[in-house]
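Me: Hi! I've got a model open and would like to talk through how its pieces pack. Can you take a look with me?

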Amino acid sequence: MEAPLLFDLARPKPTTRDIANAVKAGGTEALTEAERRADRALYQEVTCRSALNRVEGMPFNWTLNPYRGCTHGCHYCFARRYHVQFEMNSDDEFASVILVKQNFVDVLARELDRPAWTRELVAFGTATDPYQPIEGRYQLTRRAIEVLARARTPIGLITKGPMVVRDIDVLRDLTRAADCTVHMSVPTVDDEAWRILEPGTAHPLQRLRAVRELVDAGINAGVLMAPIVPGFSSSRTKLERTVKAIADHGAAFVGCNVMYLQDGTRDHFMRFIERDFPAMKPRFERLYTRKYPPDAYRKEIQGMVRVLQARYGLAKRARDEDEKSRVPEIGEPEQVGFAW
Ligand code: SF4
């Protein structure tokens, strides 16, 4: 008889490629080791080969994403299209099948330890929200920030998760060791637009309160009003209420951009509009013949936001942020008369 093992040798977790192959063959039902949690989402642990991801054509060269998929489920999310890489759809599966890179922190620590690493800026949370609810359990984001602080590597982190205030201590350590900017995404404070477009997120005012806490703690934290979605959050009144709320909460900077639609994100968004707001579909089709709406429309929205930023004392903060992120100048706003 074989001697029993003194301890169980855990089987290695599948790679993202293994997951893509399994889903291709048998759909998400093939993920038999994934855990379904109380939020009804399915969480699949995976092994990653690398943590730092090299990118081109962006104001930064490196990105970090400890999870793939996002239970916040924003309908406009540009990361929806990446889920297709794992043979999953950009609709429900993006928001309900989440890949958790369980060895992420160890891999990152090794990469940052390499003599060739030059401590370039890393964009954290470009394809998922690093503070979506599952972060409360795995703490991959928190532990990654600790490792980044030890390696004196600066980051710009983007999130919609007020959970970020849990990590004020390690964000401060990173601020002291290198540089750290938190971009809180708050496209609008309008309740209806929030409920419709960002079904799994915290209320926008809760996010702004988190910004206030971060700023009070000495962390460089501001707001991205992005994306502004035509017809939902683009009216003058909604823009003004949002800019005023951002100013009232002491954001260190503010930026904005209009929604863009590409590949799977476009497919999902148009299906969502067709299903829930069919009367709006022809207007979106006219406005989005390309990834972005026409320049004139974007400039008008951005110009409007600039006017409001100046009115509420945010103009300087907006300019500083533009310089840092190399956002091109768009000229002075001329009028605010767009209809949608
Ligand atoms: S929170 Fe960010 S990553 Fe998550 S669904 Fe919304 S836009 Fe996408």
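This is a predicted model: local features need pLDDT of at least 70, side-chain atom pairs count only at pLDDT 80 or more; totals for chains, interfaces and linings use all residues.

Me: Is the crossing of H4 and H6 left-handed or right-handed?

Reply: H4 passes H6 in a right-handed crossing.

Me: And which residues make that contact?

Reply: From H4 you have Phe 104, Val 105, Leu 108, Ala 109 and Leu 112. H6 brings Leu 140, Arg 143, Ala 144 and Val 147. Sorted by class, the contact of H4 with H6 has eight nonpolar residues, no polar ones and one charged.

Me: Now H6 and H7. What's the angle there, and how far apart are the axes?

Reply: H6 (residues 140-150) packs with helix H7 (residues 168-177) at an angle of about 20 degrees, and the axes are 9 Å apart. That angle makes H6 roughly parallel to H7.

Me: Left-handed or right-handed, this one?

Reply: Left-handed: that is how H6 passes H7.

Me: Which residues meet?

Reply: On the H6 side they are Arg 142, Ile 145, Glu 146, Leu 148 and Ala 149. They meet Val 170, Leu 171, Asp 173, Leu 174 and Ala 177 in H7. The classes in this contact of H6 with H7 are seven nonpolar, three charged and no polar residues.

Me: Switching to sheets. What's the strand order in the four-strand one?

Reply: The order is E1-E2-E6-E5, in an open sheet with mixed pairing. E1 (35-36) and E5 (67-68) stand at the edges with a single partner strand each, so one side of each has no neighbour in the sheet.

Me: How does E1 pair with E2, parallel or antiparallel?

Reply: Antiparallel, over two bridges, with E2 covering residues 42-46. Arg 36 has Leu 42 in E2 as its bridge partner.

Me: And E2 with E6? In which sense do they pair, and over how many bridges?

Reply: E2 and E6 (residues 97-101) pair in the parallel sense over five bridges. Look for Glu 45, whose bridge partner in E6 is Val 100.

Me: What about the seven-strand sheet, what's its order?

Reply: That open sheet runs E3-E4-E7-E8-E9-E10-E11, with mixed pairing. Its edges are E3 (53-54) and E11 (254-258), and each has a single partner strand, so one side of each is left without a neighbour in the sheet.

Me: How many bridges join E10 to E11?

Reply: Four, and E10 (residues 220-228) and E11 run parallel. Ile 228 stands opposite Val 258 in E11.

Me: Last topic, the ligand. Which residues are around it?

Reply: The residues around the ligand are Cys 70, His 72, Gly 73, Cys 74, Cys 77, Ala 79, Thr 128, Asp 129, Lys 160 and Thr 201.

Me: How does that shell divide into nonpolar, polar and charged?

Reply: The shell around the ligand has four nonpolar residues, four polar and two charged.

Terms used. Residues are numbered from 1 along each chain as its sequence is written. A residue is near a molecule or strand if its C-beta atom, placed from the backbone, lies within 6 Å of it. Ala, Val, Leu, Ile, Met, Phe, Trp, Tyr, Cys and Pro count as nonpolar, Asp, Glu, Lys and Arg as charged, and the others, Gly among them, as polar. Axes are lines fitted to C-alpha atoms, for helices over the stretch in contact, and angles run from 0 to 180 degrees between N-to-C directions. Angles under 35 degrees count as roughly parallel, over 145 as roughly antiparallel, 65 to 115 as roughly perpendicular and the rest as oblique. A crossing is left-handed if the near helix is turned anticlockwise from the far one by less than a right angle, and right-handed if clockwise. Two residues are in contact if their C-beta atoms, placed from the backbone, lie within 7 Å. Two strands pair if DSSP finds at least two bridges between them.
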